[in-house]
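These notebook entries record what I looked up, in the order in which I looked. I began with the contact between chains and ended with a single residue.

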Amino acid sequence: MKFFIKNTLMSLLLLSAMSHNAFADTSTYSIRVDGLACPYCAYGIEKKLNAIEGVKFMNMNLDEGIVTVKTQNVTLGDEQLKQLFNDSGFTYRSKKVSQTKESSK
Amino acid sequence: MRLKSRHLNHIAIFVLFGKLVSMPAMAHDPVFGLGPHVLFKGGVEIAPEVKQVKAGDKDKTELALELTYGLTGDWAAGIDIPYIDQSNGSNSASGQGDLSVFTKYRFWRDDGPGLQQSMAVALQIETDTGDDAVNSGSTDGVLGLTYGYEGRKWYRWAAARYRFNGENDAGAQQGDKLLLDLVGGIRMKRTGYLEPDTVWILELNGESTQNTQLNGLDQLNSGGTEWFVSPGIFWTKRNFAVKAGIQVPVASNLNGNQQETDYRAKLVLEWHL
């Protein structure tokens, strides 16, 4: 009986840990931004994106005018992005989002 | 009276030398001219810089610290704190320069893929706060209008600035100055966001200065026109930039007996935080 209770408790703990931490909603944003001509001037974008909790990665392709952002458990809305890029001195045009479940460990 | 005679001595130096007219250059702006760049909202720019002028047996070196804050994505303001060391033959003087406050507002922006065109107005007020030994003793201002085209490969700018000078306690007033800038730039190699980036710049800077006045009378050996060709470089990596350039006079028509400018040089280090 003692052995059964011990095993059950261990299993519950393991399941609980897996369900809470093993997977997170990861979104990859491909954001079309106009005005991206020089890398130095675009630093404000990096700073503002990294200030958002849940943003895990960002990069810019200046030639294509694409800002790539990976987030976990956070959604970036059109109005938020429009304001963010305007405050950085650029113009937000559109975004494409792909979502995956990724291990967070 | 003592103050007055001291001012008159300084006027003599300024009549011969004049003041550097330099509005804060932000991000990818020309080195000597004015461009429409501002700073992202909440951003801070720290820019120590050194400027040097040589004209005959006169030398002037100015060390300055510029601090700029981005009020919005299109509006920035800041201060410029200079220290000046100058000599005229065997006479030399050094001390704190006049503290300036400045602001720039980008009132038009047209963004395309890898391209930004914009226009801005700028205002700088030079307060009468520096040491008498190296300053004019007046409050002066500069008003500027600028257009910029910035692409992934080519850059071009045009700007006009007008410097209006106040009268000091001794009744002296340096002549107002009109400045025109036409600038081109090229990025030979397109680089990625985090890679070092270099833009080569070539500026044509024109300056037309009115006569200095003393108690309402024109000083003959003052004022005139100078044109400079100014090659420069703009090197950046992420949020750090180095700007450097040299102004070489190509045409000069100065009133009376004045020494023409041999060269002006400028080096700026700039951080965006």
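Predicted model: local features only at pLDDT ≥ 70, side-chain atom pairs only at ≥ 80, totals over all residues.

**Entry 1. The contact between chains A and B.** I asked how many residues each chain brings to the contact. Chain A gives 22 residues and chain B gives 28 residues. I then looked up which elements of chain A supply at least two residues each to the side that touches chain B. They are α2 (43–50), β2 (55–61) and α3 (78–88). The largest share of that side of chain A comes from α3(A), with 3 residues. Sorted by class, the side of chain A that touches chain B holds 11 nonpolar, 8 polar and 3 charged residues.

**Entry 2. The pair α2(A) and α3(A).** Two packed helices are described by the angle between their axes and the distance between the axes. For α2(A) and α3(A), I recorded axes that come within 8 Å and cross at roughly 140°. Angles over 145 degrees would count as roughly antiparallel; the two helices are therefore classed as oblique to each other. The crossing of α2(A) past α3(A) is right-handed.

I also looked up which residues meet in this pair. From α2(A) they are A:Gly44, A:Ile45 and A:Lys48. On the side of α3(A), I found A:Leu84, A:Phe85, A:Asp87 and A:Ser88. By class, the residues of this helix contact are 3 nonpolar, 2 polar and 2 charged.

**Entry 3. Chain B as a whole.** I turned to chain B and found 1 helix and 16 strands. Its radius of gyration is 19 Å, close to the 19 Å given by the globule rule for 273 residues, so chain B is as compact as a globular protein of that length. The C-alpha trace of chain B spans about 60 × 35 × 30 Å along its principal axes. Of the 273 residues of chain B, 45% count as buried. I also noted that, among contacts in chain B with a separation of 6 or more, 62% join residues 24 or more positions apart.

**Entry 4. B:Thr209.** Where in chain B does B:Thr209 lie? I located B:Thr209 in strand β11, which covers residues 197–209. Is B:Thr209 buried or exposed? B:Thr209 counts as buried because it has 23 C-beta neighbours inside 10 Å, and the cut-off for burial is 20 or more. Lastly, I looked up B:Thr209 and B:Ala159, which are 50 residues apart along the chain. Their C-alpha atoms are separated by 17 Å.

How values were computed. Residues numbered from 1 in each chain as written. Chains lettered and ligands numbered in written order. Contact = placed C-beta atoms within 7 Å. Helix = DSSP H or I, 4+ residues; strand = E, 2+ residues; numbered from the N terminus. Nonpolar A, V, L, I, M, F, W, Y, C, P; charged D, E, K, R; others polar. Rg over C-alpha atoms; globule rule 2.2 N^0.38 Å. Buried ≥ 20, exposed ≤ 12 C-beta atoms within 10 Å, placed from the backbone. Axes fitted to C-alpha atoms, helices over the stretch in contact; angles between N-to-C directions. Parallel < 35°, antiparallel > 145°, perpendicular 65-115°, else oblique. Left-handed = near helix turned anticlockwise from the far one by under 90°.
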